[in-house]
Amino acid sequence: MSIEPWPEIRSLHKDQISDSIQLIQKLYHSHLSKPKINSPVVLLEAAEKSKEVVPLSLLLGQASYEAAIKLEGQYQAALDALEFMQSLEEKLSGKTLSLSIQTIRAWRKTNKQPKKLSKLLIQKYNQLSIFYESHRNYQKAYDLNEEIIKLTRKEQLPLSDFSLRQKKLSGFARSQKRLDGILKKIKSKPDDPLLNRQAFLIYVIEFEAFDLAVEHARKSEPESIIKFINLCKKPVTKITNKELFDLARWYEGLAILTELQFKNKALSQALRYYKAFINRSSRQDLKRGEALLRIGKVEELLGKPKVFRRLKGHVGKVRKFSFSSNGKYLGTADSNNLVLVWDHKQGELVRTFGSIKGKIRSLSFDYSGKLLAIDKGDFGTEVYDVKSGAKVFSRRGVKAEYNAVLSSNGKYVVTGGHYRMRLWNVNTNKQIRVHEESGYKVALSSQKKIYACGGWWSSIRVYSIPTGKKLYQLEGHNNHIYGLDLTNDGKYLASSGGSEAFVWKLSNKEIIHKFKVSKTIDSLTLSENVKRIALNTRGGGYVFDVSSGSKIYSLDHQAGELSLSPKGKFIAHGDGIEVLILELNDTYE
């Protein structure tokens, strides 16, 4: 392996030959014949004795690297030397990591543990990608992360965090490409106000690179704008109340100027400053009322849902909700065990199921909404024909089994509990098979012919409906599985463990999105188009935009669970004995 000194080393050799450098060179060459390299420590001692003002970390790193490579494949020693050099000179980490990657690649060719070395190579790729991201070279960071994803897939290693990061880097890389194109045009038209405004907006809103934004703002904006840019650099605690309010109004104004791609980011910043102002202002502050009105306006622009319909008919507090997969029907259950089926778009009551014994744990429809499964915990599960009200399936209650899901084709019911999971045939009213394992939460896709369970283990098990064979196991949670939902096509699965929720792409077993809340997530709903996810916790409910990760809606815990319609356009939850249906803003459609 040929070793080319860095340009900085060449210049040192040529222009700054000194006793200290010669001493270091002599010391590291004397270590070439030793089986283990310890030159970094020795070289550092020599460097400390020297009074020469030179970038010794460069020389030390190059010397140690050469020594290790020449020791017939002592790649680990080379890596140790490079790590040592990186700790001395942090700003050179990009070069150091590049050399580390070269070393590991060479090592992998001769080593019998490629998987172990792949993990090491992934680690270095990731460090270098983060280095490039910190220096706003998003395209290089994106390309390196892409290499990580290819390598992890090849070696069948966990991919989740890298896949999530790639989505963020992809957005930054697109913005960087757009910005580079604008900056190229500015070179030929340096005083063009429109081009400078575009650059200024991207620097401020997307990258928060305020120092770089100033140069372009001077050529496109009033002088007063510079004041706002300088304010953005300060922490909120260092900004006065008046400045907080002015900053919020300024960001709200930027949202009007900028493209849709950056609009929500500008609005989110405006909301942040408005809320900071409210938290610090007194009730006597004249601008407090205006700020509250502006918060409402900004939240509406960000997609705060509006009331679509209120449904009245329950006599107890409404707690459980389920939409049919075709989006036509909504099933609701209250604390008095009254179950109602609605055509929620028309506001019409379709069917009433009263005298249900036991505590209602869950509701689920088949795709068309013709059949409704009511799980009653220890009192069993029943499936009803919605049109006639007739019972078409019933299973006796079993202790510690209290979760059931009806398949979209209406042929199967899967039930789960603390100690076992069962698959049932609805037409014959007979058990098909039983799995003696925790199935605290279950999910099913008849289209893909799979069903899944999660329980006291932190893993999720996926089985074949025809054979009962375990197809694969999903690992990633660090807690019991309390929430599970499969899309009808069986391509995506949502799960929750503790206060974290994941969205999985099942074709490659990857986590493509993560969500973190403050309380344990008890249940969840994933929209069929995978655009939105609803999380129910012991502290309230939340709806998130899956792609951006932004919170669309939050719900007080007193209102019970909330549920999403299949396309994620409607949210249903309780408001006392009424059912409240909210329609989401088109910003998120």
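**Ground rules**

I number residues from 1 along each chain as its sequence is written, and my side-chain values use heavy atoms, with hydrogens and water left out. Since I am working on a predicted model, local features need pLDDT of at least 70 and side-chain atom pairs count only at pLDDT 80 or more, while totals for chains, interfaces and linings use all residues.

**Entry: salt bridges**

I started with charge pairs. Side chains of opposite charge can pair when their charged atoms come close. My cut-off for a salt bridge is a side-chain nitrogen of Lys or Arg within 4 Å of a carboxyl oxygen of Asp or Glu. The search gave me 18 salt bridges in the structure.

I looked up Glu 290 and Arg 249, whose side chains form a salt bridge at 3.0 Å, N to O. Glu 290 sits in helix 15 (residues 286-301) and Arg 249 in helix 13 (residues 241-257), so this pair ties together parts that are 41 residues apart in sequence. Helices here are DSSP runs of H or I with at least four residues, strands are runs of E with at least two, and both are numbered from the N terminus.

For accessibility I call a residue buried under 20% relative accessible area, exposed over 50% and partly exposed in between, using a 1.4 Å probe and protein chains only. Glu 290 comes out partly exposed at 33%, and Arg 249 is partly exposed at 37%.

Next I checked Arg 294, which has a salt bridge to Glu 252 with the closest N and O atoms 2.2 Å apart. This pair also links distant parts of the chain, with Arg 294 in helix 15 and Glu 252 in helix 13, 42 residues apart. Arg 294 is partly exposed at 23% relative accessibility, whereas Glu 252 is buried at 9%.

Then I went to the strands. Arg 395 makes a salt bridge with Asp 375, and their closest N and O atoms are 3.8 Å apart. I place Arg 395 in strand 9 (residues 391-395) and Asp 375 in strand 7 (residues 371-375), 20 residues apart. Arg 395 and Asp 375 are both buried. I also noted a network: salt bridges with shared partners join Arg 310, Lys 312, Asp 575 and Glu 578.

**Entry: Ser 565**

Which residues does Ser 565 touch, not counting those up to four places away in sequence? I get Phe 323, Ser 527 and Phe 570, with contact meaning heavy atoms within 4.5 Å. Ser 565 lies in the loop between strand 26 (562-564) and strand 27 (570-575). Ser 565 is buried, with 4% relative accessible area.

**Entry: cysteines**

I searched for disulfides, meaning pairs of cysteine sulfur atoms within 2.5 Å, and the structure holds zero.

I traced an open sheet of four strands in the order 18-19-20-21, with antiparallel pairing. Two strands pair for me if DSSP finds at least two bridges between them. Strand 18 (481-486) and strand 21 (510-516) are the edge strands, each pairing on one side only. Neighbouring strands of the sheet are turned by 20 degrees against each other on average, direction ignored; the axes are lines fitted to C-alpha atoms, for helices over the stretch in contact, and angles run from 0 to 180 degrees between N-to-C directions.

Inside the sheet, I counted six bridges between strand 19 (residues 492-497) and strand 20 (residues 500-505), which pair in the antiparallel sense. Tyr 492 stands opposite Lys 505 in strand 20.

**Entry: aromatic rings**

Rings of Phe, Tyr and Trp (its six-membered ring) pair if their centres lie within 6.5 Å; planes under 30 degrees apart are stacked, over 60 edge-to-face and the rest tilted. I find 16 aromatic pairs in the whole structure.

Phe 353 and Tyr 384 have ring centres 4.8 Å apart and planes at 45 degrees, so I log the pair as tilted. Phe 353 is in strand 5 (residues 348-353) and Tyr 384 in strand 8 (residues 381-385), 31 residues apart. Both residues, Phe 353 and Tyr 384, are buried.

Tyr 542 and Phe 544 are tilted because their planes stand at 40 degrees, with the centres 6.3 Å apart. Tyr 542 is buried at 14% relative accessibility, and Phe 544 is buried at 6%.

Last, I noted one aromatic cluster formed by Phe 200, Phe 228, Trp 250, Tyr 251 and Tyr 273.
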